[in-house]
Amino acid sequence: TYTTDTKSGEENKNTIESLYRLSVDIKKIRRLKEWVLLQDVAYVKEIAGVLQEMGADKTTIANILERCPEAILHTPAEINSQRALWQLVCQNEKQLIKLIEQFPESFFTTDYHENQKANILFFQELGLKNNIITRFLTSAPNIFYNPVEKNKNMMETLQRNYLSLGGSDANMKIWILKLLSQNPFILLNTPTAIQENLEFLQKNGFTDHEVLQLLSKLKGFIFQVTPTTMQKSMLFSKNVFKCSDQELKQLVLKCPALFYYSIPVLEERLEGLLKEGVSLAQIKETPMVLELTTQIVQYRIKKLSALGYDIKSGTLESLNGTKKDFEVNFGKIQSKKERPIFNPAAPINIED
């Protein structure tokens, strides 16, 4: 955190001149973070020098300082420490500079240096690959600001719950690493919150095996919701699909998104499907279709319609899955349609 108080309240001329020499767009900084230019002390030349040492050219340096001007308020010693830290997981300085250019705010947050270091070492000990840890550093930097003890505590909670729900020791490490690499933000939760969510599912009739199934689905979504939001979602789905508790449970196991997405999102997606002529009975049969946005559904229905495939009378299975899954299914439907009914080269079957 930097103070915006300065003695003069005027822009620092030395800072402006130094940035100007580096071809930095000063108007952009004035518009976004003018307070940086008001500081009495800045290390423009020094920080540019460190970035240059790492292999950054003039354009890259200007780009970094425009996007994250507060970089110049750090001392060269702080930045060199951060550089050494990130090199623990980067292949080389070329990759490091590329990451700094893409995610400068993550790199120039030096306040939690000791926590960052301890957490990097902890993740390496856990068995996470360096390329996953660099992804965490750039896309989920907050998890490195936690004291390492908090992250260790959360991992122990996850492991304990995995085993208590019937998970095996042999698979636990793979399960934990997969869950963490898909959703590092689970570490920002508290053990209490996790416990409450698991208890809610058990109270609502989900067996240990089923709870474990839900834990492993949708990138650990269960850690992003609360018992209150899950309760609301369950009531919403029960009313929409007019189903029993047992049927609702089966719907959720097929499509955990019914828990994960907010009611307005589910309403919008249901409405989008109904507008396309899809029935509630079809959605109930294939609820996974609600994991797709309305735009994706519309695009896929349009593509299938062009082949003469009627979504209203068919199954929604052909809409499901990732982009790759859909393309494979689409290809199969297309080739089936193009195949000739009569094959002149085929042998003729003559009955005796």
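Student: Which helices do the buried residues of H3 pack against?
Tutor: This is a predicted model, so local features need pLDDT of at least 70, side-chain atom pairs count only at pLDDT 80 or more, and totals for chains, interfaces and linings use all residues. Helices are DSSP runs of H or I, at least four residues, numbered from the N terminus, and contact means heavy atoms within 4.5 Å. The buried residues of H3 pack against H1 (13–21), H4 (58–67), H5 (76–86) and H6 (93–102).

Student: Why do the buried residues of H3 line one face of the helix?
Tutor: Buried means under 20% relative accessible area and exposed over 50%, with a 1.4 Å probe and protein chains only. In H3 (residues 44–53), Val44, Ile47, Ala48, Val50 and Leu51 are buried. Seen down the axis, using directions from the helix axis to the C-beta atoms, they line one face because they fall within an arc of 155°.

Student: And which residues are exposed on the other side of H3?
Tutor: Residues are numbered from 1 along each chain as its sequence is written, and side-chain values use heavy atoms, with hydrogens and water left out. On that other side, the exposed ones are Lys45, Gln52 and Glu53.

Student: What is the angle between the planes of Phe122 and Phe123?
Tutor: Rings of Phe, Tyr and Trp (its six-membered ring) pair if their centres lie within 6.5 Å; planes under 30 degrees apart are stacked, over 60 edge-to-face, the rest tilted. Phe122 and Phe123 are both buried. Their pair is tilted, with centres 5.6 Å apart and planes at 40°.

Key: Helix = DSSP H or I, 4+ residues; strand = E, 2+ residues; numbered from the N terminus.
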